[in-house]
Amino acid sequence: MSGFSNRYVGIVKEASYGTDPGTGYYFGEVDDESIKHTYEVLQRTDMSRYGAAKSNTGKEFCEGDINMAAINDGFTATVLTGLFPTDTVTGSSPTYTHTFTEAGTDRSFTLKVGREEKEHTYTGVAVDSLSVSANLNEYAMVSASFMGKAESALASVGSSLTGFSSNDPLYFADAKIFFNGNGTASNLVKSISFDINMNRDGDNACGLGDATYVRIPPFQRREITGTIEFNKIVHTAVASEPTYTQLTSADGLELGGSGIELKVQLGNESVADILTFNFYKIRFEAPDANVSGRDTQTMTVPFVALFDTHTDDGKMMDVVMKSEAGSAF
């Protein structure tokens, strides 16, 4: 059983791209990871042979995902700064409020991954996408996708992993969904999931003379998509939920204006551990409310988050985390 204590994932912000700071790592309660070194193979064919006779290693990089329960800790907060690089801290001890916003300088990280016998190091890593889901009778889950430079040399597994948090994970019983600025949480939502995708460009992070990335893979179009499942077809809103009639009207339904239009709040038994995702402009797509046999009828609604051009908003979304940490991540 000793091998399990040597399985871990740690993350730290880099001061300069591709340079491992060496200290300051946060370690997360990760369920599984798929981060790996990979490369492209070039093959040379010519007209004089019926098959390829020569090959070389092409671009080398790392990529992969992690999956974990959502926890208000330094690991989750650091991952969030890969998508929301500005962390503004307010409040006082013992609970501070961290507001992560989209504007700011893009960040890179170093990942340390313990795999029983050896520690793998990946530098120059950027967060490419983040997925969040909350379902009935489950923990709220977070998945993140990374891409970065080629793997560094192997090392001995860490002997003193002090960056783990003792906080409990966030789960369904304390999850709340708010629509259209309504202060009352909806009790009709069965599940919600959404993805934030940066569409990073790995090809334009390279240059002639180098086999791996030389800068943070630049992000392109920021895309935010999601799906909400209601426990019944919504004909009459209880807390400003989108109704079937609104969703199927001639122009569909868009929630936009000054302020938060969709708020996803995750929590646990502690009122100090709250993680909130705020969306400022939402466009709903066509609902699915079909019936099958004797199954309970539900309503599933896809949505996309848009950039809100209002002066007091001027963004797609932000994230608010309650934390005992008094300094910005």
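Residues are numbered from 1 along each chain as its sequence is written. Because the model is predicted, local features need pLDDT of at least 70 and side-chain atom pairs count only at pLDDT 80 or more, while totals for chains, interfaces and linings use all residues; side-chain values use heavy atoms, with hydrogens and water left out.

**The cavity**

Let's start inside. A cavity here is a set of points on a 1 Å grid over the protein atoms alone where a 1.4 Å probe fits but cannot get out. Its volume is the space filled by probe spheres set on the points, which are joined across faces, edges and corners. The count comes to 1 cavity of 30 Å³ or more, and the largest cavity has a volume of about 80 Å³. Its lining (residues with an atom within 4 Å of a point) has 13 residues, of which Met-68, Thr-76, Val-79, Leu-130 and Val-142 are the closest to the centre.

At least two lining residues each come from β5 (54-69), α1 (74-80), β9 (118-135), β10 (141-148) and β17 (274-279). The largest share, 4 residues, is supplied by α1. These elements are DSSP runs numbered from the N terminus: helices are H or I with at least four residues, and strands are E with at least two. By class, the lining holds 11 nonpolar, 2 polar and no charged residues. Nonpolar covers Ala, Val, Leu, Ile, Met, Phe, Trp, Tyr, Cys and Pro; charged covers Asp, Glu, Lys and Arg; the others, Gly among them, are polar.

**The cysteines**

If you are wondering about disulfides (pairs of cysteine sulfur atoms within 2.5 Å), the whole structure has 0. The sulfur of Cys-62 has its closest cysteine sulfur in Cys-206, 12 Å away, so the two are too far apart for a bond. Cys-62 is buried at 2% relative accessibility, whereas Cys-206 is partly exposed at 25%. Buried means under 20% relative accessible area, exposed over 50%, and partly exposed in between, with a 1.4 Å probe and protein chains only.

**Strand β19**

Now to β19 (residues 299-305). Met-299, Val-301, Phe-303 and Ala-305 form its covered face, and Thr-300, Pro-302 and Val-304 its uncovered one. In a regular strand the side chains alternate between the two faces of the sheet.

| Partner of β19 | Bridges | Direction |
|---|---|---|
| β14 (residues 223-230) | 6 bridges | antiparallel |
| β18 (residues 281-284) | 3 bridges | antiparallel |

Ile-228 stands opposite Val-301 in β19, and Arg-283 has Val-304 of β19 as its bridge partner.

Notes
On a 1 Å grid over the protein atoms alone, a cavity is a set of points where a 1.4 Å probe fits but cannot get out, and a pocket is an open set with protein on both sides within 12 Å along at least five of seven lines; lining residues have an atom within 4 Å of a point. Two strands pair if DSSP finds at least two bridges between them.
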